[in-house]
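Here is a briefing on one protein chain. Look over the sequence and the model first.

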Amino acid sequence: MTRRLRFVGSTSDKTGCPAVFEDLDTGDFIIQGDEITDPEDRAQMYGRKEGETMVVVPRELLTRFAPKE
């Protein structure tokens with residue numbers, strides 16, 4: 001099933017990354033950002049399941065656009 005996404009906001013002027021989207025059916029948030037690919041950085045992140053990745057999300061993006069409740 002295709003997600004129905006609503007653009008919430010971005011702190012980028014031109015690239016669209018990073019950005020926050022909301023899934024209109026579930027209320028979940030989707031974060032677009034630069035993928036963390038450095039092996040030493042990834043080794044510090046535990047609990048990642050197959051198909052998951054980590055992205056960099058600047059604090060400013062979350063403070064401006066993440067839900068306050």
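The notes below run from overall fold to individual residues.

This is a predicted model, in which local features need pLDDT of at least 70, side-chain atom pairs count only at pLDDT 80 or more, and totals for chains, interfaces and linings use all residues. Residues are numbered from 1 along each chain as its sequence is written, and side-chain values use heavy atoms, with hydrogens and water left out.

**Fold and surface**

- The protein chain has 2 helices and 5 strands; these are DSSP runs, helices being H or I of at least four residues and strands E of at least two, numbered from the N terminus.
- Along the sequence the pattern reads β-β-β-β-α-β-α.
- The C-alpha trace spans about 35 × 30 × 25 Å along its principal axes.
- Of the 69 residues, 20% count as buried. Buried means under 20% relative accessible area, exposed over 50%, and partly exposed in between (1.4 Å probe, protein chains only).
- The accessible surface comes to about 5,600 Å², and 49% of it belongs to carbon and sulfur atoms. Areas come from the Shrake-Rupley method with a 1.4 Å probe; for residues, only the protein chains shown count as cover.
- Among contacts between residues at least 6 apart in sequence, 23% join residues at least 24 apart. Contact means heavy atoms within 4.5 Å.

- Strand E2 (residues 19-23) and E3 run antiparallel, joined by 4 bridges. Two strands pair if DSSP finds at least two bridges between them.
- Phenylalanine 21 stands opposite isoleucine 30 in E3.
- The hairpin has 5 residues between the strands, and glycine 27 takes a positive phi near 85°.
- Phenylalanine 29 sits in strand E3 (residues 29-32). Its relative accessible area is 35%, so phenylalanine 29 is partly exposed.
- Phe29, Ile31 and Leu62 form a nonpolar surface patch, with about 220 Å² of accessible area together. Patches take residues with over 30% relative accessible area and no salt bridge; like charges are joined within 9 Å, nonpolar side chains (Val, Leu, Ile, Met, Phe, Trp, Tyr) within 5 Å.

**Salt bridges**

- The structure holds 5 salt bridges. Each is a side-chain nitrogen of Lys or Arg within 4 Å of a carboxyl oxygen of Asp or Glu.
- Aspartate 23 pairs with arginine 3, the closest N and O atoms being 2.9 Å apart. This pair links strand E2 to the segment before strand E1 (5-10), 20 residues apart.
- Aspartate 23 is buried at 3% relative accessibility, whereas arginine 3 is partly exposed at 48%.
- Aspartate 25 forms a salt bridge with arginine 4, with closest N and O atoms 2.9 Å apart. Aspartate 25 lies in the loop between E2 and E3, arginine 4 in the segment before E1, 21 residues apart.
- Glutamate 60 bridges to arginine 64, the closest N and O atoms being 3.4 Å apart. About one helical turn separates glutamate 60 and arginine 64, because they are 4 residues apart in helix H2 (residues 59-65).

- Arginine 42, in helix H1 (residues 39-43), is buried yet has no salt bridge. The nearest side chain of opposite charge, glutamate 35, is 4.0 Å away. Lys and Arg count as positive and Asp and Glu as negative; His and the chain ends are not counted.
- Beyond its neighbours within four places in sequence, arginine 42 contacts Glu35, Ile36, Thr37, Arg48, Glu52 and Thr53.
- Aspartate 34 lies in strand E4 (residues 34-35) and counts as exposed at 54% relative accessibility.
- Leaving aside neighbours within four places in sequence, aspartate 34 is in contact with Cys17, Met54, Val55 and Val56.
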